[in-house]
Amino acid sequence: MVSGQAGRLPAADGPAYGMARLGQLADFGRDLLAALAAQAVPVEQFHPEYGHSQFELSTAAADPVGAADRVVLVRETVRALALSHGLRASFAPVSVAEHVGNGMHLHFSPWAGGANLLAGGDGPYGMTRRGESVLAGVLDRLPALAGLGAPSWGSALRQAPQRWAGTYQCWGHENREAGLRFVTGAAGAREQSANAEVKCVDGSANPYLVVGAVCALAADAADAGLRLPSEVTADPFTLAEGRRPPRLPDTPALAAAALRADGGLCAALGEGLLDAFTAVHRAEAETLGRLDPEHLVETVRWRY
């Protein structure tokens, strides 16, 4: 989300997915794409999203550490270019109270022997059986992963149904309301592009911890012979209450408890890192949890 430097919201108006906002911020967009190209950051998409003055920027796939490095580089580049154009950029989970928030969704695909395990198999939508096992393992432990990917009170405000935040523990093919979305990719390129999207990640997360956790979960599950449950093809919120999948943690306390309950993920993080992570977010929650949503959003808007 970008705003005027004095805090005016938004810096650009017009509908999502159209040309109006791109035209209004054409100079900024041009300079941003040029700066990223100069830093060898391959950009796959840059377009207006649904929220106020919100834009989505997607970069090409990379190795796990490289992808986390790229997140940091892109964010700092966006901030610097925004300031040079008299703008401010916010990556906070929610930048405008009661509106769609900012995600930092993670797409991943497990590979082995030079082949994508999510394509060319006889599992759901062409997954290999090992690929299906990876996704089943990640889905089963998605609440713990949310403890790393959506750990703040800002995350809690964003984790609302029907805002593309993936608030339910379920999976679905191209289901943008599912916590784990499967993307087959374009016909003819699925061996390269088939992937899964983890929705419970936002700008208050540490990208290195999130990608490391996904790698740990994938490694645990690849040879476990797990199978995915039935997919959810509808918006989970529209289902009868008794048929809805479980909600993912929607407070920092529940997110931290889910993370602490996953012994394998805690062991992968290590006691020292886990203690430091939970202490920081516990202190943050004790401070910010007393604020109403409007004041909370104002407090954290420019901190991410």
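**Salt bridges and nonpolar cores**

Aspartate 27 and arginine 30 form a salt bridge, with 3.1 Å between the closest N and O atoms; the term stands for a side-chain nitrogen of Lys or Arg within 4 Å of a carboxyl oxygen of Asp or Glu. The model is predicted, so local features need pLDDT of at least 70 and side-chain atom pairs count only at pLDDT 80 or more, while totals for chains, interfaces and linings use all residues. Residues are numbered from 1 along each chain as its sequence is written, and side-chain values use heavy atoms, with hydrogens and water left out.

Both aspartate 27 and arginine 30 belong to helix H2 (residues 26-38), where they lie three residues apart, about one turn of the helix. Helices (H or I, at least four residues) and strands (E, at least two) are DSSP runs, numbered from the N terminus. An α-helix has 3.6 residues a turn, so residues three or four places apart point the same way. Aspartate 27 is partly exposed at 45% relative accessible area, and arginine 30 is also partly exposed, at 48%. Here buried means under 20% relative accessible area, exposed over 50%, and partly exposed in between (1.4 Å probe, protein chains only).

The structure holds 14 salt bridges. Another of them joins glutamate 132 to arginine 129, at 2.8 Å from N to O. These two residues are three apart in helix H4 (residues 129-140), about one helical turn. Glutamate 132 is buried, with 3% relative accessibility, whereas arginine 129 is partly exposed at 37%. Through shared partners, salt bridges link Asp122, Arg129, Glu132 and Arg227 into one network. A further salt bridge pairs lysine 199 with glutamate 197 (3.5 Å, N to O), and both of these residues are buried.

The largest nonpolar core has 42 residues, of which Phe108, Leu135 and Leu180 touch the most other members. Such a core is a set of buried Ala, Val, Leu, Ile, Met, Phe, Trp, Tyr and Cys residues joined through side-chain atoms within 4.5 Å. Among the elements that give it two or more residues are H4, H5, strand S9 (178-183) and helix H8 (207-221). H8 supplies the largest share, seven residues. Leucine 180 has contacts (heavy atoms within 4.5 Å) that include Phe108, Leu135, Leu142 and Glu197, leaving aside residues up to four places away in sequence. A second, separate core of 16 residues includes Leu25, Phe55, Leu81 and Ala89.

Helix H5 (residues 142-149) is mostly covered, with eight of its eight residues buried. Leu142 is one of these buried residues.
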